[in-house]
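I opened my notebook to look up a few places in this structure. My entries follow.

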Amino acid sequence: MRGTQAPNTSFSWSSTILSGLDMPDAVTMYEKLSGQPAEAPAHELLDKLKGSPLAIKLFALMVSEGDKPMQLLSSWNEHGAKVLEIGGRHRLSSLEQSIRLSVFSPRINDTTRLVLVLIAMMPDGLSTSPPWLDGFQSALPNGTLVQPALRALRRAALLEENGDPSRWQMLPPIRQFCLQLADLASAAIPDLVQLHIEQVTKHWDYTSPASQAIILPEMANIRGLLLCGANLEPLPSCIGAASASYIYWAYWKGIDESAFLPSFLRLQIPTAQRADMYQKLGTVHQHWARLDSAEVSFDFALEVFIEAQDRLGQANTLQSIGELRVQRNQLDAAQTSFLRALELYVRVQSGSGEANTRYSIGALQLRQGRLIAAETSLTRALELYVESQSRLGEANTHKLIGDLHKCRGRLNAAEGSFTFALGLYSKIQDRLGEAMAYNSIGDIHEHRGQLDAAEASFACALELFVEVQDRCGEAYTHKSLGKLHLRRDKLSAAEASLTRALKLFIEVQDRVEEADTQLSIGELHLRRNQLDAAESTFACALEVYVETQNQWYIAECTLFQGQVHMRQQNLDGARTAFAQSLTFWNEMDELWGIAETHQALGDLYLCRNQLVEAEASLSLALNIYTTKVTSLEDEALTNRSFGELHLRRGHYEASERAFRRSLDLDIAANSRVGQGQSYRQLGGLFLKKKDLSAAESSYAKALRLFLEIEDYQATPCLLDLGKVWSLQGKIEEDDTGVVETLRAHWDVLESTLLSRDTKA
């Protein structure tokens, strides 16, 4: 039963290739022989045995005789196949003896045994794809042919061919035994290591589909053989460059291999390779938010590159230092690093390097709200990426140009850029890029009020960010989901998402995104009418925005502060804040911000009964919303303000048209808080017109919505409804201001009002 020769030749066997048991059958066999249920340690060891019937039998018999599965698992991890034996030296009482008989069988000659040991050096076995199988053949001594050896090993049940594309693999017990025989292959191991060094160095571009097809299936083998090579004498050539290339592949796949590289940095490798390894190690530390470690690595790399007068290496490291400065919100220092890198790239005529730096400068300018400068930088970066045929660079730049369009309120152009970027990311299988594109597309859907589509995009993004273990992206998506929940009036869900986002941004030390999350939390406080908490949160966020010179967010945060002042009846403070915000929006030519601030100013003028000024501001805002920037909720808000303006002037029909227009927009935008506000203002209009039935119906609809979403406006709306009930004679006039009495009355009348509304 250890080989593939049929035990009876009097009839034809349909198959003589025996495969291992699957896990359910392995568990059944273990439980029947051991008389015990397979708990977690037993499951783990059964998984390591990979369905080997003899190994499972010995394991189960040892447990039945009193050995503990946890102890056997620990011994297996340390000693391998020799652990599983039940006394005696024959093949059925000792797993190691059984394997030894097969490995040293007369049918397995020395060259075949050499092939077996070399395959054991590779954790995932030998690939049959041409680059690897041909390379493996070249690593063998002259006269040793791989294919006859593979067939002999298969007949002895020491190897099996699995997968598509296929790989020659062995069961873990056999591999552990063969690794003890490494001395038999000592002459060929350096050539096998060199094969993997050459392949991972040659195929360094992780965005290339051709390179992905060659490298990704071999990641475990590359890692294992690089570690093996670090212990060889003499040291294989280019092992430093190969290890640096490997950790970049791992970084792209979301695997943290920062602990892998230091063992190579201790080796006697060429200076240029050492500096490159430090530069890549810094990038990995930066990705995993270990910013101090990243800075140490970058500084060391830059020092070595300067000493070696390697301008390209200096430029690459300065570019990385600039990105680190951005992450730490040291924007002036970041710009200095980028400009030094750009100068060096131009001097050495590196088009790809120049493209990367112009992209980074554009991203920095966009972060600072310098939209015109950002557009110039990104346009040039895109030209250079196209010239150098860098699809990853193209994708990243299209994504950032989409962000630029979004800041300008050009949603169709933004969506086009994001979708194009997503297609490029998918082609090169860049999961992180796909996640970022999905996030951006979700932002566009949310801005248009397409909330289901937005949530679906954010869900795709979050799944991908978690898959590649990108905490920055995960944090950003939780922040986006928090904002979406705010729009859907799910305040508890919004609080949970925003709190999670804030925690992650603090962990990765991204102060700007931390401030942006605080801005949304401040908006949540504002929705709950927690004005002191909102004011404090906005002040903290504004401090960061001023420190980082982020003009766009300064403008938005100042606008929110003005809205807090409005709620506090501090109209002078609100006027100052709105004026400051409008100045920033005008400097950036940011239409959405201009419109929103004019709408807020219109409400301020209404509070002061300055109706002419209110009409001018509201007209300007409404014109932008209807002709240049799509925002259903903001357009609805402006129509409500117009309805109030018409009501003040006694123009009831115009007022009702404006309120009903705002209601239609709020319904289209799925904004329940907006619908509640529109119904409440309609109730005020009908009350003014002495139409008590219509007023009662409108207030009831508003109250029902406010109660559903737990909005603070429920109480003032209930008081409005109390005035109507008093005029209708349903309650005493003295009860109109008693919330408890009104709520009890509402509980009694709600079903009647609902029934009446349904019939209507």
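I began with serine 377, which sits in helix 20 (residues 371-387). Helices here are DSSP runs (H or I) of at least four residues and strands are runs (E) of at least two, numbered from the N terminus. This is a predicted model: local features need pLDDT of at least 70, side-chain atom pairs count only at pLDDT 80 or more, and totals for chains, interfaces and linings use all residues. Residues are numbered from 1 along each chain as its sequence is written, and side-chain values use heavy atoms, with hydrogens and water left out.

Is serine 377 buried or exposed? I noted 12% relative accessibility, so serine 377 counts as buried. Buried means under 20% relative accessible area, exposed over 50%, and partly exposed in between (1.4 Å probe, protein chains only). Beyond neighbours within four places in sequence, serine 377 is in contact (heavy atoms within 4.5 Å) with Arg358, Ile361, Gly362 and Gln365.

I found 3 strands in an open, antiparallel sheet, ordered 1-3-2. Strand 1 (126-127) and strand 2 (160-162) are at the edges with a single partner strand each, so one side of each has no neighbour in the sheet. Strands pair if DSSP finds at least two bridges between them. Strand 1 and strand 3 (residues 167-169) are joined by 2 bridges. Leucine 126 has tryptophan 168 in strand 3 as its bridge partner.

Outside four places in sequence, isoleucine 119 has contacts including Leu126 and Trp168.
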